[in-house]
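Student: I'd like a close look at one spot in this protein. Please walk me through its surroundings.

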Amino acid sequence: MKALRFLVLLLMVIGSLNWGFVGFFKYDVVSHLFGMASMVTRVIFALVGLAGLYGISYLVSCCGCGCKCGPSCKCCKKD
């Protein structure tokens with residue numbers, strides 16, 4: 001589960017940095033590296049989007065294990 005959380009966080013950071021470059025400099029790093037509208041670019045964008053959707057669960061759970069017990073959670077000590 002740690003590897004999945006790391007991968008999700010990594011993809012979210014890549015996506016946010018790419019959008020930052022688009023917003024500030026009008027430069028799409030992913031499209032520049034892998035080609036405009038190529039299959040690889042579309043897969044990367046899709047994975048970043050899925051990671052963002054999965055990352056929403058981190059906002060509603062306190063420890064990433066799915067319980068919704070609150071910010072002082074001590075029920076899921078697995079890290």
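Student: Which residues does Ser31 touch, not counting residues up to four places away in sequence?

Tutor: Ser31 touches Met36, Thr41 and Phe45, once residues up to four places away in sequence are set aside. Contact here means heavy atoms within 4.5 Å. First, the ground rules. This is a predicted model, numbered from 1 along each chain as its sequence is written, and local features need pLDDT of at least 70 while side-chain atom pairs need 80 or more. Totals for chains, interfaces and linings use all residues, and side-chain values use heavy atoms, with hydrogens and water left out.

Now the setting. The protein has three helices and zero strands (DSSP runs numbered from the N terminus: H or I of at least four residues for helices, E of at least two for strands). Along the sequence, that gives the pattern α-α-α. Ser31 sits in helix α2, which spans residues 29–34.

Next, burial. Ser31 has a relative accessible area of 9%, so it counts as buried (under 20%; over 50% is exposed, in between is partly exposed; 1.4 Å probe, protein chains only). Buried residues make up 20% of the 79 residues in the protein. Ser31 is one of them.

Its side chain has a polar partner too. The side chains of Ser31 and Asp28 are joined by a polar contact of 2.9 Å (N or O atoms within 3.5 Å, one able to donate a hydrogen and the other to accept it; residues adjacent in sequence count only through two side-chain atoms).

Then go to Thr41, one of the residues that Ser31 touches. Thr41 belongs to helix α3. Ten residues separate Ser31 and Thr41 along the chain, and their C-alpha atoms are 6.1 Å apart. Look at the contacts from its side. Beyond residues up to four places away in sequence, Thr41 touches Val30, Ser31, Phe34 and Gly35.

Now check the loops on either side of α2. Lys26 lies in the loop between α1 and α2. Ala37 lies in the loop between α2 and α3. What do their backbones do? Lys26 has a positive phi of about 55°, although it is not a glycine. Ala37 also has a positive phi, near 60°, and is not glycine either. Most residues other than glycine have a negative phi. At 80% relative accessibility, Lys26 counts as exposed. Ala37, with a relative accessible area of 61%, is exposed too.

Last, the whole chain. The accessible surface comes to about 6000 Å², and 73% of this belongs to carbon and sulfur atoms (Shrake-Rupley method, 1.4 Å probe). Of the contacts with a separation of 6 or more, 36% are between residues 24 or more positions apart.
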